[in-house]
Amino acid sequence: MKSPVQNAQLQTPQQRQQLQREWFQQLVVGAEVDAEYDPDWLLPLREKALQSISTLPLLNRKQEAWRYNRVDNIFQNSFDPLFDNDLEQKICIEDIGLPAIDSYRLVFINGRIDLSLSELSELPAGVILTGTAEALRTIPDQLMSSFDHLHQPGEQLFTALNTALFNDGVYLHVNQSVTLDRPVEIIYLNNNLTRSEQHVGSMIQTRNIIDLESGASATVIEHFISNNKHEKYFHNNFTDINLADDSRLRHYRIQDESRLAYHLSNVQITQHRRSRYFSTCLAFGGLWSKSAVRVEFQAQQAECDLLGLYTVGDQQLTDFHLDVQHRVPSCRSSEQFKGILYGRGRAVFDGRILVDRQAQHSDAALTNDNLLLVRDAEVNTKPQLEIYADDVKCSHGTTVGRLDPEQLFYMRSRGIAEHSARKMLCQGFATDIIESFELQQLRDYASEKIAHTLNSVESEMEHKNGH
Amino acid sequence: MRSALKNDQENDQTPIDDLIRSGYAHGFVTPIESDTFPPGLSENTILKISAKKNEPDWVLEWRLKAYRRWLAMEDPEWAHVKHPDIDFQSMSYYSAPKKKESLNSLDEVDPQLLEAYNKLGIPLEEQKALAGAAVDAVFDSVSVATTFRKSLADAGVIFCSMSEAIQKHPQLVQKYMGSVVPYSDNFYAALNAAVFTDGTFVYIPQGVRCPMELSTYFRINEANTGQFERTLIIAEAGSSVSYLEGCTAPMRDENQLHAAVVELVAMDDASIKYSTVQNWYPGDEQGKGGIYNFVTKRGACRGKRSHISWTQVETGSAITWKYPSCLLIGDDSVGEFYSVAVTRGRQQADTGTKMIHIGANTKSTIVSKGISAGHGQNTYRGLVRMSKGAVNARNHTQCDSLLLGDQCAAHTFPYIEVMNPDAEVEHEATTSKISDDQLFYCRQRGISEEDAVSMIVNGFCKEVFKELPMEFAVEAQKLLNLTLEGAVG
Amino acid sequence: MLRINNLHVKIEGKQILNGLDLTVNAGEVHAIMGPNGSGKSTLSHVLAGREGYEVTDGQVLFNAENLLQLSPEQRAHKGVFLAMQYPVELPGVNNMTFIRESINAIRRARGQDEFNTLEFLQLIREKAAQLQLDEKLLKRNVNAGFSGGEKKRNEVLQMAMLEPQLAILDETDSGLDIDALRVIAQGVNSLRSAERSIILVTHYQRLLEYIQPDFVHVLVNGRIVRSGDKQLALTLEQKGYNWIIEEDAA
């Protein structure tokens, strides 16, 4: 049997293009949207997005957003936009193995909110935390502006698909000067529910809106998980974040989807005066995953820190596209991403810092460091500076390498076994990203995940060496 | 020879002042009678060029294949530069000073031409006596003079025009031409392969260290002509050569196209050092006129422990689009790229390098210094690829940008592809300006603002200048100071 | 040699110097002391011609010439030297080249012959040895990667090379250990002469143990509120600045 990869290579460019267009159209045709409660202003937007599925430019490797992404492989698999959650299925959130955090909690099963699993009691006054669908029914006007600026370059088709088909997602609104006393935890539990023979898995679309009014402050933790490692599905997530003057958001995203899953996240952050956005992204799972994060500074003295860690195993492709746009003076941004490639997979990192002509006194720094632990792993990294102002401090640094043999030797000479030494060095490499979690439970959880991953690598290696 | 140059530099104050005022020093036109094709490009044009040069059939066939390929290609758009579409039918593809077919010594060169080269500061006669460097001069499309033939021939080195090489060393040309940059490589390389008119050919036999620096000066004189030269340098096992090129053109209101191809081949233990000081006419302050410098340069380190080093100082041209690259095929081979690119006025540069690591233990170093002033747009674009077989390969890249003024721009677009766990890649980039504190410090010590700026700029470029041969380093530094004169303040 | 009359200076609209008067004659060493924010560094910078300072009133005469209308380099040519509190780094600019460029620019401006390489090398080696400055620092880039002490020594070296008429040392003692302080003081003392005047700007009395001033002035709120001999410095050391500030306010 031929693998999908080989199929993609056998096709002509025209065949691949046609397949891609049909892939998108098929999803639209087969989809079922609960549009009956949509506010009036949303219907034309949905309609427009629907139409554009047939007209928007197709994705290809010549676009910088998809350069290293083997995007054609996606379209070899057809996904089912139609599925029913099995309401009989009993899920116990505590059994999933997530860290126990005292939080407000929203749980989405295959993209639909499950209030029975959520924890929304005692929300402080001035905070709305609910599903996007519910918010569209009850407070539609508040959501309108979040749909104003939609199409992110390079991702348009997927964004249009999301706009046309999303059924639910997270809606968080924090009023002026309100501080959320507990973190908001969002759990996306995804599985393959398709019953159709033609489809390999289900298509899940979520649409999130996070709005912080001036002086507000919140912490949001997102967990992308699955029941087991063999579920096949596609999760297309779009998050719009708006941070008003002096607001502050800590945003943690932990992508631990099934190892057969496709995951696409678009996070779009608009920052106003003196607002601060701290985010840490971890990416462990997914067969194919791509996270595109775009920060746009719209007023002075805003700051953002984007941190991230990805581990890439056999067959995995993990892609991060960061785009920080300094459009006004005196903002600060830092991006620090690290990757550990422990299997025959591929990591793609693309980070752009744009400084507009009027954005004097910008301070921007980007680093991307990668560790390759095995043969046949591949890293494609592309840090970019696009600078149109002179009085700025901008830098980027990138490294790709292996564990330092001298460090390994030093540790071994002190009696530490090689596999432990390797593990310790990898954990050391990841430390500053993990330390960026404010919550101890998340630090422990992340360390544990990495240790587990590294353990399995080392035992596999020893197994191989044994033969 | 060093002292002669030094004196020249120190006593030259007045001419330099003149140069400052004139803006671009090499903007004159030499009234020389030339044999120029009417504008237009077709298979017929190529037949005519080939006939004019009395070429063997295989060259013509190669040209025609390239031309057909070119017709099917599209003008590249990915570079961070903007220019109106180029009308390839409006330019002439052949222009040569009217003179005898072949020249054996400088005495046979048109005195007007020698005068022109003297004006450019390339006194062929003097160079012969003083510098001990062999010079090939390409005027518009054809090579007009090659000095020092005899002593080079004694060492077994072939240094001649490409046209002559095709006639006299066809087996070498046929073996290597297009072997590093195939005609199908890219749009401008295909165009060059179809219509190239001349260029320089260098062959260094096994074990020979070329006894002197080789240099070529390129000059576009005629209006409405494109210049398409091809340079091919082959260094056999254990040989070494240092090659310099310089380029200038008259000031004209229209844009002229320069689409050259350079191919280098280094066998086992061979070393090629290729230095460029590019000062084509950049256009005026408003961006009118100037050369489009769209060049494909690539070196193949085919042999073990071979070494190719590119050094470039790019101050001219309205638009520069070039990526001198190294294919590091042989184990333990080394590739280097040192670049200073200056853009001011409305100049745009999209330049950098590709280091393709294929063999084991290959090493590459990239040092790129971009300076933007005025409305200049300066882009570094580079690719470092560590292929599966590049065990223990190493790359270090340093890209620094200096911005002078708030209307210019500096961009860095590095692509890093690593497929080998034993390879190591490091990339660093910074952006800076000259701070008020630095200027005040220098001025407090009695140094004028202009001198302080040029001192700091030269300091910024030092790592690159030190890679140039001595005479060129002095020239490059002068050129840089001239280019930035009045750009800061 | 230097006469400052009623000097008023603003930075970004904020009044820093408020009618400062000071006269320095040839051969004298003056110490200017004062609490943080009293305007000490402003005075040094205004004398050297740093941009960003607005002189709203008063005048500064240097050898009967209006100093304020001259560019920083012209002041340097006329013999004003400022040893900076935070000497800047010049990446890529060789220290030796820089000092040579500087000394020759000044010599040219004065109509003197430039030093040739040999003369220059002899001179700088001699001066560096006096200051116990590692010759390696001469070959490095200006102040790049120098320790605090090395930067200050490099400043005094330049002062020794340029032989100014008026040397202003702005907090040269800050961040130095006692050995470095001694070496630098020796260097400064060896430059004392009947033709040269020195202004020491400092927060602490410590430096004045090694370089004995002829006069000590106390700067408070942009004015000299008290002048005296070195005894005044000792009093300040014991009693701090507050009593003067209080008396001045009274």
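Q: In which sense do strand S17 (residues 346-355) of chain A and S19(A) pair, and over how many bridges?

A: Two strands pair if DSSP finds at least two bridges between them. Strands (E, at least two residues) and helices (H or I, at least four) are DSSP runs, numbered from the N terminus. Here S17(A) and S19(A) pair in the parallel sense over 10 bridges. In S19(A), Val379(A) is the bridge partner of Ala347(A). This is a predicted model, where local features need pLDDT of at least 70 and side-chain atom pairs count only at pLDDT 80 or more, while totals for chains, interfaces and linings use all residues. Residues are numbered from 1 along each chain as written, chains are lettered from A in the order written, and side-chain values use heavy atoms, without hydrogens and water.

Q: Which way does strand S22 (residues 409-418) of chain B run against S19(A)?

A: The two run antiparallel, joined by 6 bridges. Ile387(A) stands opposite Ala410(B).

Q: Are the faces of S19(A) covered or open?

A: In a regular strand the side chains alternate between the two faces of the sheet. Both faces of S19(A) are covered. One side includes Glu378(A) and Lys382(A), the other Val379(A) and Leu385(A), and these are buried (under 20% relative accessible area, 1.4 Å probe, protein chains only). In S19(A) (residues 378-387), 10 of 10 residues are buried.

Q: Which residues of helix H3 (residues 95-109) of chain C meet helix H6 (residues 148-162) of chain C?

A: Contact means heavy atoms within 4.5 Å. Among those in H3(C) are Phe98(C), Ile99(C) and Ile103(C); they meet a set in H6(C) that includes Leu157(C) and Met161(C).

Definitions and conventions:
Buried means under 20% relative accessible area, exposed over 50%, partly exposed in between (1.4 Å probe, protein chains only).
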